Amino acid sequence: MTENGDFKTGGFMYAVAIGIILVVVAESVFFMVKSWRHGKKLGISKETMKNTIFSSALFSVAPAISILTTVIVLAGALGIVLPWIRLSVIGNLAYETTATKLTLESLDSRLSLSTDITDPKTFGAVAWVMTIGTSFALVLLPLVCKTIQKKVGGALQKNEKTSRLGDIISAAAFIGIIAAFVANAINGRQTKEALTIGDAGFMSICTLVTAIVLSTVLETLCEKKNLKKLEPFAMPISMFGAMGVAVVLNLVLPEAVSTLTWWGNVA
Amino acid sequence: MKKTKREKTYFDSVHLWGRLWSIGALIALLMVPTAICAHFNAWPKLTEIMVPIGKVMLLNWTVAVVEVIAYTPMLGAGGTYLSFVTGNIVNLKLPCGLNAMAKANVKANTEEGEVISTLAIGASAITTTLVIAAGVLLLGPAVSVLKNNPVAAPAFGYVLPALFGALGAGYFRKNIAVSLVTIAAGVITLLFSPSLGVGTLIFVTIVVSIGSALGMFKLGWIK
């Protein structure tokens, strides 16, 4: 068994990541070439197709930076390579974070996202849960994509109410995931046994409120002033801003306040 | 008549290749944990991972069904197969594909829409993958330094409130009633059991959020 967490960022893990990334790029190139050829047959101008590729690439740079910054959330426990792999394929930060936290809670209640995982078995367990937990769409698509596109697609386009209901359920499911973490920051603790940094208390509330306020201010600013370029950065700026506030408060506040949780002070 | 035949042939071909790539990508993905466990000779016990896998499956697989049904008609066939492999659909691939089709003045579910949507989502997937790869190579050393720095280290303890506060603010603002009810349900549940894991709490909050959203939709409070 490895005694430190270095294995998580070793050459082997980078090789696995590069292998996966090659699959993603190869699939994208394959479908793009196929579409380009068919576009030419349909008489779509080269200029239109080139503009589509160029503007879509540009459109994606800022959100990609935003996704990149969120790798840091999982890097504390898992190193940087596994989150990189996960957020390059299927990955979605909320789902990956949930899968990681759930696995750690299940294996050992003392483990959290800020614990450096040093046991390869735990690391492997997290990788399995993340992979199986998010792969269902790839099982489902070969079976139903064609039918959905032909039948449901038409029906949904004709029936606005059904389409709207789908959007509402999707948004509600996402709110459900986020709300669990928010409630945990307001009133949750990581273990029954001992109080730890990250348990709900003065600092968790300050961090949460700062993140919400910063994000709301930045998003409102983007809407009112039509700052499209700032939009994708609102989330990462708010997240890092809130983490920065946590660092500053930790430095300037008396220990009795900065370590205060609703169940007493962290030792 | 000729157009119908051509349409059928092209869409059939996209679906055939899409299926093959999806199965290939699934195998490649499953190879990641297999390779990790084999290389480090560290296989977790099946009984240890069954519980978290069951919980995550219940949660994500339900969402996957909704997402496949909701997004496929908007993304087109090629765009759908690509998007579900590369992820980040709501926050990136969907707006990117829709934006490209609007700019090119074509409609989803037409051959022209299919071509433009696939080109846009492919370009987006490659760009995202390369930006993340380049960033990780630069960020890697910085993360290690920050985690071991006594001043910066406490920030990692509060990364979840920072992340989900920032991520949720927009959703909360747009769906304030559903959000308040759901967060309140989570907080009340934790009053009875403060150390209840988030993985379990999520089932409470998702049931409440979807239930309340459907109720409000029926009552006409959400349009």
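Predicted model: local features only at pLDDT ≥ 70, side-chain atom pairs only at ≥ 80, totals over all residues.
1. Start with the salt bridges. A search over all chains turns up six of them in the whole structure. Side chains of opposite charge can pair when their charged atoms come close. The pairs below are worth a click each.

2. Lys8(A) and Asp116(A) make a salt bridge, with 2.6 Å between the closest N and O atoms. This one ties distant parts of the chain together: Lys8(A) sits in the segment before helix H1 (11-42) of chain A, while Asp116(A) is in the loop between helix H4 (93-107) and helix H5 (120-134), 108 residues apart. The two ends have their own burial classes. Lys8(A) counts as buried because its relative accessibility is 2%, under the 20% cut-off. Asp116(A), at a relative accessible area of 35%, is partly exposed.

3. Next, Glu96(A) pairs with Arg86(A) in a salt bridge whose closest N and O atoms are 3.1 Å apart. Here the link runs from helix H4 of chain A, which holds Glu96(A), to helix H3 (residues 81-88) of chain A, which holds Arg86(A), and the two are ten residues apart.

4. While you are at H3(A), have a look at its surroundings. The helix is mostly covered, with eight of its eight residues buried. If you check backbone torsions, note Ile90(A), which follows H3(A) and has a positive phi, near 55°.

5. Now the surface. Which residues gather in a patch of positive charge? They are Arg37(A), Lys40(A), Lys46(A) and Lys50(A). The elements giving two or more residues to this positive patch are H1 and helix H2 (46-78) of chain A. Lys40(A) is placed in helix H1 of chain A. With a relative accessible area of 47%, Lys40(A) is partly exposed, so it clears the patch requirement of over 30%.

6. A nonpolar patch turns up on the surface as well, made of Val248(A), Leu251(A), Val252(A) and Val151(B), with about 360 Å² of accessible area together. Val252(A) belongs to helix H9 (residues 234-252) of chain A. Its relative accessibility is 59%, and Val252(A) therefore counts as exposed, the cut-off being over 50%.

7. Ser212(B) lies in helix H9 (residues 198-219) of that chain. What does the side chain of Ser212(B) reach? The backbone oxygen of Val208(B), at 2.7 Å. Ser212(B) is buried, with a relative accessible area of 14%.

Notes: Residues numbered from 1 in each chain as written. Chains lettered and ligands numbered in written order. Heavy atoms only, no water. Salt bridge = Lys/Arg side-chain N within 4 Å of Asp/Glu carboxyl O. Helix = DSSP H or I, 4+ residues; strand = E, 2+ residues; numbered from the N terminus. Buried < 20%, exposed > 50% of the residue type's maximum accessible area, 1.4 Å probe, protein only. Patch = residues over 30% accessible without salt bridge, like charges linked within 9 Å, V, L, I, M, F, W, Y side chains within 5 Å. Areas by Shrake-Rupley, 256 points an atom, 1.4 Å probe, with all protein chains shown as cover. Lys, Arg positive; Asp, Glu negative; His and termini not counted. Charge placed at Lys NZ, Arg CZ, Asp CG, Glu CD. Polar contact = N/O pair within 3.5 Å; in protein donor to acceptor, adjacent residues only side chain to side chain.
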